[in-house]
Amino acid sequence: MNNFWETSDIMIIRPKSLYVCTIPKGNLMKKKLLALSIALALAGTSGILHAEGKLKAGKNKAASCAGCHGEKGNSAMPMFPKLASQNITYLVRQLQAFKSDARNDPTMAPMAMGLSDQDMEDLAVYYNKQRITRNELPVLMVDEDEDEDEDEEEMEESSGETAIDPAQQVQDLITQGSDLYRNGDVEREVSACIACHGPYGEGNEPAGFPVLKSQHADYLIKTLTDFKTGARSDSPNNMMNLIAKKMSEEEIQAVSYYISMMKP
């Protein structure tokens with residue numbers, strides 16, 4: 001059998017016939033192939049080294065973010081968002097919004113002010129490569145005044161009816177949230193979340209729609225409430241404001257609970 005570098009046989013098969021075309025050996029062909037192979041190898045290596053450089057730089061720069069967002073972007077406090085696994089486009093866009101004051105936040109604004117475009121990209125690459133963690137099942141929060149009123153009503157009532165289990169209420173809200181996420185609310189004209197954020201909460205990188213899966217429920221509730229009240233208005237074409245305004249407080253809680261329980 002001829003060596004590949006010495007000769008190359010191309011076989012073209014057609015019905016009722018067989019043609020074999022042989023390309024003669026030659027130094028020019030070998031040099032061209034060798035040069036192409038080296039160029040492709042160097043290009044691939046350069047890309048890998050560039051990505052690794054951003055990842056390392058982002059890790060170093062993220063040290064100042066760890067106090068609120070966790071060492072690897074998984075915050076311990078539910079009011080601070082998890083950044084791990086978030087798409088790069090969205091993270092860069094939010095940092096730019098904080099810096100330009102398009103998104104108002106007294107904590108993030110001064111942090112973003114000193115960041116260059118390269119800093120933002122390095123941070124986004126680093127957090128994008130981190131794995132987001134699972135959440136514990138949400139705990140239904142009851143207002144103390146409402147809780148006292150309910151206790152008084154229970155003492156006055158003698159019907160013997162069993163109170164609704166808070167754990168069951170959470171499960172009911174998650175079920176309600178699942179339906180809202182996938183199908184929306186036709187009567188209230190609330191769009192389905194799945195259209196922009198994907199069936200698994202994976203977001204949409206090219207469009208800059210954020211990853212939602214396994215985000216803290218408390219943070220999601222605050223975010224949707226801010227969009228609803230207008231406290232936050234940095235979404236493209238005010239898309240989220242228009243949607244959140246039509247959502248009830250119960251729907252906001254329900255869909256936030258459901259998203260928080262999505263598998264990472």
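These legends accompany several close-up views of a predicted model. Residues are numbered from 1 along each chain as its sequence is written, and side-chain values use heavy atoms, with hydrogens and water left out. Because the model is predicted, local features need pLDDT of at least 70 and side-chain atom pairs count only at pLDDT 80 or more, while totals for chains, interfaces and linings use all residues.

View A. Let us start with helix α9, which covers residues 217-229. Helices here are DSSP runs of H or I with at least four residues, numbered from the N terminus. The 13 residues of α9 reach 18 Å from the first C-alpha to the last, close to the 18 Å expected at 1.5 Å a residue; the expected span is 1.5 Å times one less than the number of residues. Buried residues in α9 are A217, Y219, L220, T223, L224, D226 and F227. In these legends, buried means under 20% relative accessible area, exposed over 50%, and partly exposed in between, with a 1.4 Å probe and protein chains only. An α-helix has 3.6 residues a turn, so residues three or four places apart point the same way. The buried residues of α9 pack against α10 (239-244) and α11 (249-260). After α9 comes G230, whose phi is positive, near 90 degrees.

**View B. K61 and D122 joined by a salt bridge.** Here the side chains of K61 and D122 meet, with 2.6 Å from N to O. A salt bridge is a side-chain nitrogen of Lys or Arg within 4 Å of a carboxyl oxygen of Asp or Glu, and by this rule the count comes to 7. K61 belongs to helix α1 (residues 27-61) and D122 to helix α5 (residues 117-128), so this pair ties together parts that are 61 residues apart in sequence.

View C. The side chains of R188 and E251 meet in a salt bridge of 3.3 Å, N to O. Since R188 lies in the loop between α7 (166-183) and α8 (194-197) and E251 lies in helix α11, the pair ties together parts that are 63 residues apart in sequence. R188 counts as partly exposed at 38% relative accessibility, and E251 counts as buried at 6%.

**View D. R232 and D234, a buried salt bridge.** The closest N and O atoms of R232 and D234 are 2.6 Å apart in this salt bridge. Both R232 and D234 are buried.

View E. A pair of aromatic rings is described by the distance of the centres and the angle of the planes. Rings of Phe, Tyr and Trp (its six-membered ring) pair if their centres lie within 6.5 Å; planes under 30 degrees apart count as stacked, over 60 as edge-to-face and the rest as tilted. By this rule there are 2 aromatic pairs. One of them joins Y181 and Y258, and it is tilted, at 5.7 Å centre to centre with 55 degrees between the planes. With Y181 in helix α7 and Y258 in helix α11, the pair ties together parts that are 77 residues apart in sequence. Y181 and Y258 are both buried.

**View F. H197 and its contacts.** H197 lies in helix α8 and is buried, with a relative accessible area of 10%. Leaving aside residues up to four places away in sequence, H197 touches Y181, E202, G203, F209, P210 and L212, where contact means heavy atoms within 4.5 Å. Among them, P210 is 13 residues from H197 along the chain, and their C-alpha atoms are separated by 6.8 Å.

**View G. A207 in the loop between α8 and α9.** You will find A207 in the loop between α8 and α9, where A207 counts as partly exposed at 30% relative accessibility. A207 and T89 are 118 residues apart in sequence and 8.0 Å apart in space, C-alpha to C-alpha.

View H. A disulfide is a pair of cysteine sulfur atoms within 2.5 Å, and a search of the whole structure finds 0. The sulfur of C68 is 8.7 Å from the closest cysteine sulfur, in C65, which is too far for a bond. C68 counts as partly exposed at 30% relative accessibility. For C196, the closest cysteine sulfur is in C193, 8.9 Å away and too far for a bond. C196 counts as partly exposed at 22% relative accessibility.

Methods: Helix = DSSP H or I, 4+ residues; strand = E, 2+ residues; numbered from the N terminus.
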